[in-house]
Amino acid sequence: MIWKKPTVNEITPEAYDEVSNLKHIEQCGRICYDSLNKMTEWSYGDFYQTIVPKAKYNPEECCDFHLSVLEHATIYLHIKPSTEKELWLVDFFIHNPYSKVNENAPMGGGIRRTEHTYNQDGPYPGVDYYITTNWRVLFENEAKMVNAMGLEDSIFDFTQSYRTLTPDSCYAIRRTFVVETGIDITREFNRHRCLSISESSTRWIDPTLPNHGGYVPFNDFETGDHTLLFTDAYKSAEENYKRLRQVGLRPQIARKVLPLGTGSTVVYTAFEEDWNKVLRLRSKKAGAKGVHPDAILIADMIYDYLNA
């Protein structure tokens with residue numbers, strides 16, 4: 001066994017062109033499978049095809065697509081609609097619960113956040129709309145969007161001319177963090193459904209193998225006078241895990257003997273305003289009370305990043 005201290009690192013991309021987004025998707029996906037060492041300058045294309053095969057996605061059929069990692073790739077669009085297609089597209093994002101739209105309002109001036117049903121007449125022609133969405137929204141809704149607008153190209157190709165590569169304060173900004181802590185603490189953050197979440201897979205990763213570290217990681221926390229008790233319990237869990245693997249059980253079965261203190265790595269992405277809502281419930285620095293001390297530790301580190 002090995003003790004691992006809780007950590008938080010921000011991996012929000014600096015650019016949002018197609019290649020940068022694909023690289024970000026690969027990074028988030030490889031964190032789930034502990035295969036970051038396989039990333040190269042050009043591996044993003046092959047990796048994308050492994051999680052999203054070329055076969056058309058059909059939400060009504062069971063498939064093996066790993067769509068959670070697509071949510072971490074943020075897409076920023078600036079649309080000043082003048083055609084029916086552009087008006088339909090803006091209206092789609094206004095009503096999409098996973099996207100946020102800021103409007104340069106023709107009356108009253110300035111930038112204001114729209115509500116999903118703020119305008120029953122639909123978006124206004126000639127108004128600047130600053131849209132923040134994510135790759136999964138386009139991927140899952142592509143057939144609907146292409147058919148509705150009568151496009152010959154994919155929705156990704158159609159939106160290229162509206163892309164903003166370096167978003168400013170006109171947009172609702174999204175931020176991505178990699179958190180390393182215990183499974184018991186990741187569960188507390190995973191309850192916040194405003195977060196996009198991709199967690200390291202104990203179904204596939206055998207941490208006792210040399211290429212995955214060779215030891216089961218356990219979250220390093222304040223154990224007080226009970227350090228030896230926790231150490232003995234964790235060592236026993238690791239030995240039991242190894243025995244189950246040695247008799248031929250797969251990681252997804254052997255993992256049942258691992259405790260909640262087992263280390264986990266999670267990628268979280270959310271709008272800044274949603275991060276602030278989470279921190280008000282989890283971070284001592286944001287005024288939260290009665291929170292698990294290990295959750296406070298993680299939340300306070302995220303708070304520091306957001307307020308740097």
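Of the 308 residues in this protein, 48% count as buried. Keep in mind that this is a predicted model. The C-alpha trace spans about 70 × 45 × 35 Å along its principal axes. The protein has ten helices and ten strands. Now the contacts with a separation of 6 or more. Residues 24 or more positions apart account for 73% of them.

Let's take the sheet. Which strands form it, and in what order? Four strands, in the order E2-E7-E10-E8. The sheet is open, and the pairing is antiparallel. At the edges sit strand E2, residues 7-10, and E8. Each of these two pairs on one side only. On average, neighbouring strands are turned by 20 degrees against each other, direction ignored.

Look at the E7 and E10 pair. Strand E10 covers residues 263-271, and it pairs with E7 over nine bridges, in the antiparallel sense.

Helix H10, residues 293-306, lies across E2 and E7. H10 runs at about 155 degrees to E7.

Next, the charges. Side chains of opposite charge can pair when their charged atoms come close. How many salt bridges does the structure hold? The count is 14. I'll walk through three of them.

Start with lysine 4 and glutamate 180. Their closest N and O atoms are 3.0 Å apart. This pair links distant parts of the chain, 176 residues apart. Lysine 4 is in strand E1, residues 2-4, and glutamate 180 is in strand E7, residues 174-182. Lysine 4 is partly exposed, with a relative accessible area of 36%. Glutamate 180 is also partly exposed, at 24%.

Then arginine 282 and glutamate 188. Their side chains meet in a salt bridge at 2.9 Å, N to O. Here the link runs between two helices, 94 residues apart in the chain. Arginine 282 belongs to H9, residues 272-282, and glutamate 188 to H6, residues 183-190. Are these two buried or exposed? Both arginine 282 and glutamate 188 are buried.

Now arginine 245 with aspartate 206. The closest N and O atoms are 2.8 Å apart. Again distant parts of the chain are linked, 39 residues apart. Arginine 245 sits in helix H7, residues 227-246. Aspartate 206 is in the loop between strand E8, 196-199, and strand E9, 217-219. Arginine 245 is partly exposed, with a relative accessible area of 25%. Aspartate 206 has 3% relative accessibility, under the 20% cut-off, so it counts as buried.

Salt bridges with shared partners join Glu10, Arg175 and Glu272 into one network.

Move on to serine 43. Where is it? Serine 43 lies in the loop between H1 and helix H2, residues 44-51. Its relative accessible area is 10%, so serine 43 is buried. What does its side chain reach? The backbone nitrogen of threonine 40, at 2.8 Å. The serine 43 side chain also makes a polar contact with the side chain of glutamate 26, at 2.6 Å. Leave out residues up to four places away in sequence, and serine 43 touches Glu26 and Lys38.

That brings us to H2 itself. Its buried residues include Tyr44, Phe47, Tyr48 and Ile51. An α-helix has 3.6 residues a turn, so residues three or four places apart point the same way.

What do these buried residues pack against? In H2, they pack against H1 and helix H4, residues 135-149. The face of H2 turned away from its buried side carries exposed residues, Asp46 and Thr50.

Notes:
Residues numbered from 1 in each chain as written. Predicted model: local features only at pLDDT ≥ 70, side-chain atom pairs only at ≥ 80, totals over all residues. Heavy atoms only, no water. Salt bridge = Lys/Arg side-chain N within 4 Å of Asp/Glu carboxyl O. Buried < 20%, exposed > 50% of the residue type's maximum accessible area, 1.4 Å probe, protein only. Pairing = 2+ DSSP bridges. Axes fitted to C-alpha atoms, helices over the stretch in contact; angles between N-to-C directions. Contact = heavy atoms within 4.5 Å. Polar contact = N/O pair within 3.5 Å; in protein donor to acceptor, adjacent residues only side chain to side chain.
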